[in-house]
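Reader: I would like a close look at a single part of this structure. Please take me through the ligand and its surroundings.

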Amino acid sequence: MYSLARKLLFTLSGETAHQLALEGLDAAARLHLVKPFVDQPVHAPVEVMGLTFPNAVGLAAGLDKNADHLAGLGQLGFGFIEVGTVTPRPQPGNPKPRLFRLPEQEAIINRMGFNNKGVEHLIEQVRQRRFDGVLGINLGKNLTTSVEKAVDDYLLGLEAVYPWADYVTVNISSPNTPGLRSLQYGEALMALLQPLKEAQARLADQHQRYVPLVVKVAPDMDEDELNSVAQTLRHLKLDGVIATNTTLDKSAVAGLRHGEEAGGLSGRPLTEKACLLTKQLAQALEGDLPIIGVGGISSAEDAVERIKAGASLIQLYTGFIYQGPKLVQDCAEALAFVRGPQGQ
Ligand SMILES: Cc1cc2nc3c(=O)[nH]c(=O)nc-3n(C[C@H](O)[C@H](O)[C@H](O)COP(=O)(O)O)c2cc1C
């Protein structure tokens with residue numbers, strides 16, 4: 001079923017296909033036509049960051065930036081869904097075309113640039129809560145906010161989404177917002193995360209509910225940089241880390257159609273790099289923070305490898321675009337098997 005839909009959708013431009021597929025999915029969900037076509041979601045609960053995830057497979061940020069499609073996506077067997085990246089104010093993102101498929105490599109290059117409808121719209125969507133799994137909300141900064149003032153945008157975002165999120169992600173690793181990745185290093189990381197941790201403590205008190213705060217990092221770091229990030233996260237007692245975002249290293253797709261497009265590369269060419277980074281991160285964190293592994297997971301074997309590398313949960317994006325809901329099911333079943341009946 002998905003391979004037929006994919007054949008039709010892949011005749012369209014990347015972004016149009018994504019939009020049509022999501023709208024079609026929503027319409028099918030409204031007509032109760034999704035559940036009969038997908039297997040029962042895998043029930044293999046995992047406890048991470050004090051939350052119970054129905055299974056260990058999540059949808060990565062960026063596919064449902066505005067939380068407009070939770071009703072449909074929520075029926076595809078994901079244990080958790082991360083919506084966003086959302087910024088305080090709506091913004092259009094980069095000019096189109098900005099999303100390119102590289103089917104030979106099951107890869108995508110994108111330079112979307114945080115196109116989204118703003119945090120107020122997202123809250124309107126998530127307050128209707130049409131998903132039973134764990135809901136993450138991924139925050140970014142507006143393009144017009146300088147990198148020096150980025151913390152203000154993240155604080156605004158955190159304050160607004162706190163009552164509606166099960167966990168909140170601080171995204172400082174998208175390659176398509178100029179200067180954003182510089183926030184991952186040294187003093188800048190400390191100066192960003194410390195006020196966010198303080199705000200989290202205040203909000204937990206105010207709402208009588210602790211919402212874990214996680215940071216999403218890029219794969220393009222050397223070991224020293226990674227160790228320094230890990231030490232800051234441990235020092236500030238962040239609750240988790242998502243590894244990784246897309247890569248700027250496009251050597252694996254050189255010479256292919258669209259291989260030279262500007263933006264971040266995701267999918268199969270990222271598998272090894274993201275897995276290695278997960279391993280190094282797990283060593284540097286020494287178990288203090290859980291890792292959510294993402295990047296090039298395109299098979300049940302990849303999912304198992306990522307857990308073996310040190311991740312506690314995984315997320316899918318590009319693999320899901322190419323393979324559809326079957327990949328969610330395959331990964332969730334494989335991880336349930338690896339962890340055993342206690343979810344360990
Ligand atoms: C079209 C597209 C848009 C994305 N948008 C976001 C985003 O808004 N925020 C974010 O944190 N990651 C975003 N990502 C990155 C994914 O969440 C994921 O980290 C990355 O693609 C690696 O996983 P994959 O190889 O399974 O796709 C985006 C990825 C793609 C392909």
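How do the residues of the shell around the ligand divide into nonpolar, polar and charged?

Author: Keep in mind that this is a predicted model. The shell around the ligand divides into 13 polar residues, seven nonpolar ones and two charged ones.

Now for names. There are 22 residues around the ligand, and five of them come nearest: Ala 61, Thr 85, Gly 267, Gly 296 and Thr 318.

Take Thr 85 to begin with. An N or O atom in the side chain of Thr 85 sits 2.7 Å from a nitrogen atom of the ligand. That distance is within the 3.5 Å cut-off for a polar contact. Thr 85 belongs to strand β4, which covers residues 80-86. Gly 84 and Thr 85 are joined by a cis peptide bond, with omega at about 10°.

Next comes Gly 267. Here the backbone takes part: one of the N or O atoms in the backbone of Gly 267 is 2.8 Å from an oxygen atom of the ligand.

Lys 65 uses its side chain. An N or O atom there lies 2.8 Å from an oxygen atom of the ligand. How much of the ligand does the protein bury? On its own, the ligand exposes 610 Å², and the protein buries 98% of that. Which elements give two or more residues to the shell? They are β6 (107-110) and β11 (264-267).

Follow the chain back from β11. The loop between β10 (240-243) and β11 holds Thr 244. Another cis peptide bond is found here. It runs from Ala 243 to Thr 244, and its omega is near 15°.

Let us turn to the helices. Two packed helices are described by the angle between their axes and the distance between the axes. Helix α5 spans residues 150-161, and helix α6 spans residues 186-207. They pack at an angle of about 20°, and their axes are 10 Å apart. Angles under 35 degrees count as roughly parallel. So α5 and α6 are roughly parallel to each other. Their crossing is right-handed.

Gln 208 lies in the loop between α6 and β9 (213-217). Its phi is near 55°. That is a positive value, in a residue other than glycine.

Gly 267 brings a backbone atom, at 2.8 Å.

Notes:
Residues are numbered from 1 along each chain as its sequence is written. This is a predicted model: local features need pLDDT of at least 70, side-chain atom pairs count only at pLDDT 80 or more; totals for chains, interfaces and linings use all residues. Side-chain values use heavy atoms; hydrogens and water are left out. A residue is near a molecule or strand if one of its heavy atoms lies within 4 Å of it. A polar contact is a pair of N or O atoms within 3.5 Å; within protein, one must be able to donate a hydrogen and the other to accept it, and residues adjacent in sequence count only if both atoms are side-chain atoms. Accessible areas come from the Shrake-Rupley method with a 1.4 Å probe; for residues, only the protein chains shown count as cover. Helices (H or I, at least four residues) and strands (E, at least two) are DSSP runs, numbered from the N terminus. Ala, Val, Leu, Ile, Met, Phe, Trp, Tyr, Cys and Pro count as nonpolar, Asp, Glu, Lys and Arg as charged, and the others, Gly among them, as polar. Axes are lines fitted to C-alpha atoms, for helices over the stretch in contact, and angles run from 0 to 180 degrees between N-to-C directions. Angles under 35 degrees count as roughly parallel, over 145 as roughly antiparallel, 65 to 115 as roughly perpendicular and the rest as oblique. A crossing is left-handed if the near helix is turned anticlockwise from the far one by less than a right angle, and right-handed if clockwise.
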